[in-house]
Amino acid sequence: MAQYDSSDQKNVSGSDKRERILKAALHLFTTLGFHATPTSQISKEAQISTGTLFHYFPDKNTLIDELYLTIKKEMGDVVRGTDDASLPVKTLLERGFIRYIHWAIENPEKARFLMQFHHSPNISERVQSQAFDEFRWMYDIYARAIKEGVLTDHPVHYHLVMTQQILNGIVELLSIKDDEIHSDEIISAGITKIWK
């Protein structure tokens with residue numbers, strides 16, 4: 001990446017600087033890990049001063065919290081879509097699965113970050129709780145699916161974890177681009193496993 005030049009910063013808006021910091025942190029956290037990524041390296045990658053980074057994010061933990069919430073919200077908005085809540089629950093879930101798969105394929109670093117940091121002690125309990133609150137709608141859809149017999153009679157958390165593992169497996173298989181099995185078949189077979 002190009003060397004940091006403070007003269008370039010005069011024409012960069014605050015929201016652009018914040019986005020550059022988040023993008024740089026995402027890349028470095030997913031390739032090097034949280035602990036192996038110093039803030040100075042994030043600043044260099046974002047082409048901003050370390051002082052500017054601390055203006056937007058007072059410490060690295062705040063940065064990772066904000067990055068996690070930003071990506072989680074983006075993914076949630078995509079998965080939720082604009083479907084009518086009165087649709088059959090199986091349809092709602094399946095459409096959400098498909099949207100997640102496409103989002104993860106189009107945003108591999110973001111998907112990898114969510115997988116890496118979902119249970120990380122580096123994400124504060126406050127942020128974990130906030131993320132859960134923002135995904136309450138998903139919990140409710142799964143509860144409805146269990147009640148209606150679309151999903152097996154196991155706790156919602158069980159289904160959330162198992163579904164996420166299957167969907168991430170589908171994404172991994174799709175990223176390999178194996179010619180022996182068509183992508184539609186991978187998706188269909190994977191989603192069938194969720195119902196079973």
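Where is the place of Ser-43? Ser-43 sits in helix 2, where helices are DSSP runs of H or I with at least four residues, numbered from the N terminus. The model is predicted, and local features need pLDDT of at least 70, side-chain atom pairs count only at pLDDT 80 or more, and totals for chains, interfaces and linings use all residues. Residues are numbered from 1 along each chain as its sequence is written, and side-chain values use heavy atoms, with hydrogens and water left out.

Ser-43 has 2% relative accessibility and counts as buried. Buried means under 20% relative accessible area, exposed means over 50%, and partly exposed lies in between, for a 1.4 Å probe and protein chains only. Leaving aside residues up to four places away in sequence, Ser-43 touches Ile-48, Ser-49, Thr-50 and Leu-53; contact means heavy atoms within 4.5 Å.

Pro-38 belongs to the loop between helix 1 and helix 2 (39–46). With a relative accessible area of 36%, Pro-38 is partly exposed. From Pro-38 to Asp-179 the C-alpha to C-alpha distance is 41 Å, and the two are 141 residues apart in sequence.

**Salt bridges**

Side chains of opposite charge can pair when their charged atoms come close. Six salt bridges are found in a search of the whole structure, a salt bridge being a side-chain nitrogen of Lys or Arg within 4 Å of a carboxyl oxygen of Asp or Glu.

| Pair | N to O distance |
|---|---|
| Arg-18 and Glu-66 | 3.2 Å |
| Asp-77 and Lys-73 | 3.2 Å |
| Arg-99 and Asp-83 | 2.7 Å |

The side chains of Arg-18 and Glu-66 meet in a salt bridge. Arg-18 lies in helix 1 (residues 14–32) and Glu-66 in helix 4 (residues 60–80), so this pair ties together parts that are 48 residues apart in sequence. Arg-18 is partly exposed at 25% relative accessibility, and Glu-66 is partly exposed at 24%.

Asp-77 and Lys-73 are four residues apart in helix 4, and therefore about one helical turn separates them. Asp-77 is partly exposed at 46% relative accessibility, and Lys-73 is partly exposed with a relative accessible area of 43%.

Arg-99 forms a salt bridge with Asp-83. Because Arg-99 lies in helix 5 (residues 89–106) and Asp-83 in the loop between helix 4 and helix 5, the pair ties together parts that are 16 residues apart in sequence. Arg-99 counts as partly exposed at 21% relative accessibility, and Asp-83 counts as partly exposed at 21%. A network of salt bridges links Asp-83, Arg-95 and Arg-99.

**Helix 5 and helix 9**

Helix 5 also meets helix 9 (residues 156–176): their axes come within 10 Å and cross at roughly 45°. Axes are lines fitted to C-alpha atoms, for helices over the stretch in contact, and angles run from 0 to 180 degrees between N-to-C directions. Helix 5 is therefore oblique to helix 9. Angles under 35 degrees count as roughly parallel, over 145 as roughly antiparallel, 65 to 115 as roughly perpendicular, and the rest as oblique. The crossing of the two helices is right-handed, a term for the near helix being turned clockwise from the far one by less than a right angle.

On the helix 5 side the contact involves Phe-97, Tyr-100, Ile-101, Ala-104 and Ile-105. Among their partners in helix 9 are Thr-163, Gln-164, Leu-167 and Asn-168. By class, the contact of helix 5 with helix 9 has nine nonpolar, four polar and no charged residues. Here Ala, Val, Leu, Ile, Met, Phe, Trp, Tyr, Cys and Pro count as nonpolar, Asp, Glu, Lys and Arg as charged, and the others, Gly among them, as polar.
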